[in-house]
Amino acid sequence: MKFNKLASIAFSFSLVISNLVQAQGTNSQSNLPPGLKWEPMTVVGFNTGSMELPHASRAEMSLARNIWEKEIESTGSGLTPGSKMASFILIKPYSVNGSQFVFSIFSSGFSNGCIPPANGRGIEDMYSVCPMRVTQMNSSKSVSKDFPEYCHLYPEPADKPGEINQSQIAFDRNTMTAYFRIIQHGKHVKSCDRTLRIQ
């Protein structure tokens with residue numbers, strides 16, 4: 001199965017709010033240009049108990065909850081009475097021309113829209129394939145659009161995230177294009193490369 005994706009989304013601005021007016025997505029080969037400045041996507045966890053995760057700021061936690069609150073609250077029951085299943089959100093915000101663009105991916109044991117990794121002896125791939133949510137925010141409102149088939153991989157190890165596994169993003173403000181890739185077992189997984197362009 002091929003997960004390479006080139007997606008194009010269009011945003012328009014009014015005097016008061018910004019609106020998502022058009023979205024297009026097609027499956028095609030996504031060739032990442034050379035010289036990109038890659039950054040890790042931060043993993044934010046909810047209902048994770050004592051699980052050790054890399055540091056996430058309060059602002060990142062707040063953004064993740066604001067964007068994915070419905071999904072966080074609708075996960076299945078956890079291991080203890082009254083608890084919920086753990087959920088994990090990869091997130092990266094960028095500020096452009098007075099608006100904030102937030103790229104985020106939600107994954108949980110019972111999350112809708114995700115294809116979990118295979119399980120069994122000899123399985124190497126550890127990533128889920130989930131929708132990417134792009135959220136445009138300003139001081140008054142926000143609007144989101146989901147795009148399918150983006151790879152979601154937790155950073156590992158927690159004390160040195162990216163040494164083994166990491167989800168990464170590179171954002172070119174000049175062309176308003178976001179590029180995505182994952183590093184798994186210390187190697188670039190080209191089948192997870194994505195390009196998403198804001199027009």
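Q: Buried means under 20% relative accessible area; with that cut-off in mind, are F103 and F180 buried or exposed?

A: In this predicted model, both F103 and F180 are buried. For F180 the value is 4% relative accessibility, which places F180 in the buried class.

Q: How many aromatic pairs does the structure hold?

A: The general idea is that two rings pair if their centres lie within 6.5 Å, and that planes over 60 degrees apart make the pair edge-to-face. Applied here, this rule gives seven aromatic pairs.

Q: Why is the pair of Y150 and F180 edge-to-face?

A: The angle decides it: the planes of Y150 and F180 stand at 85 degrees, with 5.4 Å between the ring centres, so the pair is edge-to-face. Since Y150 lies in strand 8 (residues 142-152) and F180 in strand 10, parts that are 30 residues apart in sequence are tied together by this pair. Y150 itself counts as buried, because its relative accessibility is 1%.

Q: Where does the charged end of R194 sit?

A: It sits over the ring of Y150, at 5.6 Å from the ring centre. Another arginine, R133, lies over the face of W68, with 3.8 Å to the centre of that ring.

Q: Why is strand 5 described as largely enclosed by the rest of the structure?

A: One reads this from the burial of its residues: strand 5 (residues 87-96) has 10 residues, and eight of them are buried, so the strand is largely enclosed by the rest of the structure.

Q: How many bridges join strand 4 to strand 5?

A: Strand 4 (residues 42-46) runs antiparallel to strand 5, and five bridges join the two; V44, for example, has I89 in strand 5 as its bridge partner. Strand 5 also pairs with strand 6, again in the antiparallel sense, over 10 bridges, and S95 has Q100 in strand 6 as its bridge partner. In the hairpin that strand 5 and strand 6 form, two residues lie between the strands, and N97 takes a positive phi near 50 degrees.

Conventions:
Residues numbered from 1 in each chain as written. Predicted model: local features only at pLDDT ≥ 70, side-chain atom pairs only at ≥ 80, totals over all residues. Heavy atoms only, no water. Phe/Tyr/Trp six-rings, centres within 6.5 Å; stacked < 30°, edge-to-face > 60°. Buried < 20%, exposed > 50% of the residue type's maximum accessible area, 1.4 Å probe, protein only. Helix = DSSP H or I, 4+ residues; strand = E, 2+ residues; numbered from the N terminus. Lys NZ or Arg CZ within 6 Å of the ring centre and 35° of its normal. Pairing = 2+ DSSP bridges.
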